[in-house]
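Hi,

Here is the structure I promised to send over. Have a look at it first, and then read on for what turned up.

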Amino acid sequence: MNSSETVPDAAVPRFVCGRPRIQFGQNAAQQWCTILNGEVQPGQVGRCSKKKFFFRRHCGKHLALMTPEGVHKSESALRCQLCDSPGEQSERNLTASEYEKIAARVIEATAPECGVVTQARVVEGFNGGTDFTIQLPTGAQVDVEVDGEQHFEKAYHDTSPQQQRALDLRKDSMSLEQRRRRVRLHYKDMPWWTGKIKGAIALARFYPNLAYNLYTPSYGVIDRFDPPFAP
Ligand SMILES: [Zn+2]
């Protein structure tokens, strides 16, 4: 018996697509996150479904929120950029991915009961993922962005820091309009990260209808709430 032989189908749930049955890929079915996807079983979901579901990334620790098609598209779709990425150590400053790794640890330590989804495209109409989405046991979500130097000081690909800031603020506004909860963590503010995340989760838990944008102090921007919040 060769261990590289394909596993017999029977044990593996499949994604089906209307007419002919389309095998969705064992990997994806095995990575299906039963707890967060609730009643739905992978076998009931069409491969072309536009709906996003929770999948466990290859590290087994972090999650992806994707359409079945997105997972199917590439072998590396469920790769965890936090856990697998080779240590791209820069000269002096931490790289964006290193800030993200630290933030992920802060989130995990602060909210061990929550799931952490990475790079989900949760803001409708905005082309690009959010660094983290914290998935509370209540079903509520809190989006977290971690901004390293490149958001403020250095050019980032072809985007100037000014353009990047404008883009970030636009994303925050869209997020608030869509009644999402969002926290921005500035790289200079690490001592505040834990407190901000705790506060954001507490608000999501006790005020489930409150949308917000929260910022750590170095942004110099005040927190925004919708509806306006008077504790
Ligand atoms: Zn991971």
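This is a predicted model: local features need pLDDT of at least 70, side-chain atom pairs count only at pLDDT 80 or more; totals for chains, interfaces and linings use all residues.

You will find Gly-38 in the loop that links helix 2 (34-37) to strand 1 (53-56). Phe-54 is 16 residues away from Gly-38 along the chain, and their C-alpha atoms are 9.9 Å apart.

Now for the chain overall. The protein chain has 231 residues, of which 32% are buried. Its secondary structure consists of 6 helices and 8 strands, and from the N terminus the order is α-α-β-β-α-α-β-β-β-α-β-α-β-β. If you take the contacts between residues at least 6 apart in sequence, 50% of them connect residues at least 24 apart.

The helix pair I would like to show you is helix 4 (residues 96-110) with helix 6 (residues 190-206): their axes lie 10 Å apart and the packing angle is about 50 degrees. That angle makes helix 4 oblique to helix 6, and their crossing is right-handed. Helix 4 contributes Ala-103, Val-106, Ile-107 and Thr-110 to the contact, while helix 6 brings in Trp-193, Thr-194, Ile-197 and Lys-198. By type, the residues of this contact are 5 nonpolar, 2 polar and 1 charged.

Best wishes

Key
Residues are numbered from 1 along each chain as its sequence is written. Axes are lines fitted to C-alpha atoms, for helices over the stretch in contact, and angles run from 0 to 180 degrees between N-to-C directions. Helices (H or I, at least four residues) and strands (E, at least two) are DSSP runs, numbered from the N terminus. Angles under 35 degrees count as roughly parallel, over 145 as roughly antiparallel, 65 to 115 as roughly perpendicular and the rest as oblique. A crossing is left-handed if the near helix is turned anticlockwise from the far one by less than a right angle, and right-handed if clockwise. Two residues are in contact if their C-beta atoms, placed from the backbone, lie within 7 Å. Ala, Val, Leu, Ile, Met, Phe, Trp, Tyr, Cys and Pro count as nonpolar, Asp, Glu, Lys and Arg as charged, and the others, Gly among them, as polar. A residue is buried if 20 or more other C-beta atoms lie within 10 Å of its own, exposed if 12 or fewer, and partly exposed in between; C-beta atoms are placed from the backbone.
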